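Hi everyone, thanks for coming. Please bring up the model on your screens, and we'll walk through it together.

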Amino acid sequence: MTFFEALDLVGTLAFAISGALTALHKRMDPFGVLIIAFVTAVGGGTLRDVLIGRTPVGWMQDLNYLYIISLGFVLVLIFRGNLHRFKLSMLLSDSIGLGVFTLIGIQKGLDFGMHPFICVALGTMTACFGGVIRDVLCAEIPVIFRKEIYATICIFGGIVFFMLEQGNFPDQLIQLVTSLVIIIVRLLVVKFNWSLPTLDLNVK
C-alpha cells in the first residue's frame, strides 16, 4: 500500500466516523447510522468520479472502502458511551477527513490531466459533498452553506498544494503538508470562531 492509498483510507475512516457520530447524535437506529456513515465517507468521491468519468466509482472497485466504513461504524457503536465530548470527536474526525479528501480529489484530477483550477474544485467537492449529503439526510443546513469557513479551507489547501509543487518537493511531503495545513486551519477556524459574513436581505 502506498502512502497516498493509506491517506485515502484514513480519510474514509475519519469521514465514516464523522457521519456515524452525526447520525448517533440524531438518535438514528443502527441501520441509519451505517447509511449516514457510508454516504459521508464516499459521497464526495462518488460525485467526483462520475464527473471525471472514472467508473465504476472507487468504492465499487475496492472493498477496502467498505471494510473501513464498517470499522468506523463499529467503533462509534462500541465507544458511544465514551463519546460524551461529541463536538470534539466530530470536529477532529471531520477535520482529518477534510484535509485528506481535499488532497485525494486534487490528485485524482491531476491523474486525469485536469487544469489546476479544476483539480482544486474536485478536491473541494471530494472533501465537502459527502458532508452535504450527510447534513441533508440529517435535516441540517449543510456546513458549507453556513457562515462557518469550510469549503474555503479546501480551496486554500489546493493553493498550498500547487505552490509546493512549484518547489519540486517530494510528493509525499507535499501530500502530508497539504493535509496538515487544511486540518490545522480547520481547527483554528473553530477555536477562534472565524467566519465569513452572511448576506443581509435588508441592505438598502
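How many cavities of 30 Å³ or more does a search of the whole structure find? The search finds one. Before we look inside, some housekeeping: this is a predicted model, where local features need pLDDT of at least 70, side-chain atom pairs count only at pLDDT 80 or more, and totals for chains, interfaces and linings use all residues. Residues are numbered from 1 along each chain as its sequence is written, and side-chain values use heavy atoms, with hydrogens and water left out.

Now, what do I mean by a cavity? On a 1 Å grid over the protein atoms alone, a cavity is a set of points where a 1.4 Å probe fits but cannot get out, while a pocket is an open set with protein on both sides within 12 Å along at least five of seven lines; lining residues have an atom within 4 Å of a point. Grid points are joined across faces, edges and corners, and the volume is the space filled by probe spheres set on the points.

The largest cavity holds about 150 Å³ of space. Its lining is made of 17 residues, and those nearest the centre are Asp8, Val42, Gly45, Arg48 and Tyr65. Two or more lining residues come from each of α1, α2 (30–52), α3 (58–61) and α5 (86–111). These labels are DSSP runs numbered from the N terminus: helices are H or I with at least four residues, and strands are E with at least two. Helix α2 gives the largest share of the cavity lining, six residues. By class, that lining has seven nonpolar, five polar and five charged residues. Here Ala, Val, Leu, Ile, Met, Phe, Trp, Tyr, Cys and Pro count as nonpolar, Asp, Glu, Lys and Arg as charged, and the others, Gly among them, as polar.

Next, the helix packing. How do α1 and α4 cross? The axes of α1 (residues 3–25) and α4 (residues 64–78) come within 8 Å and cross at roughly 40 degrees. Axes are lines fitted to C-alpha atoms, for helices over the stretch in contact, and angles run from 0 to 180 degrees between N-to-C directions. The pair α1 and α4 is therefore oblique; angles under 35 degrees count as roughly parallel, over 145 as roughly antiparallel, 65 to 115 as roughly perpendicular and the rest as oblique. This crossing of α1 and α4 is right-handed, a term used if the near helix is turned clockwise from the far one by less than a right angle, with anticlockwise being left-handed. The residues in contact (heavy atoms within 4.5 Å) include Asp8, Leu9 and Thr12 in α1, and Asn64, Tyr65 and Ile68 in α4. Across this contact there are 13 nonpolar residues, three polar and one charged.

Helix α4 also meets α2, with axes that come within 10 Å and cross at roughly 130 degrees. So α2 and α4 are oblique to each other, and their crossing is right-handed. Leu66, Ile69 and Phe73 of α4 make this contact with residues of α2 that include Pro30, Val33 and Phe38. What classes do the contact residues of α2 and α4 fall into? They are 10 nonpolar, no polar and no charged.

Helix α2 packs with α6 (residues 116–137) as well, at an angle of about 135 degrees and with the axes 7 Å apart. The crossing of α2 and α6 is right-handed. This contact divides into 10 nonpolar, six polar and two charged residues.

Two loop details to finish. A cis peptide bond, with omega about -10 degrees, joins Thr55 and Pro56, and Pro56 sits in the loop between α2 and α3. Asn168, in the loop between α7 (151–166) and α8 (171–191), has a positive phi near 55 degrees and is a residue other than glycine.
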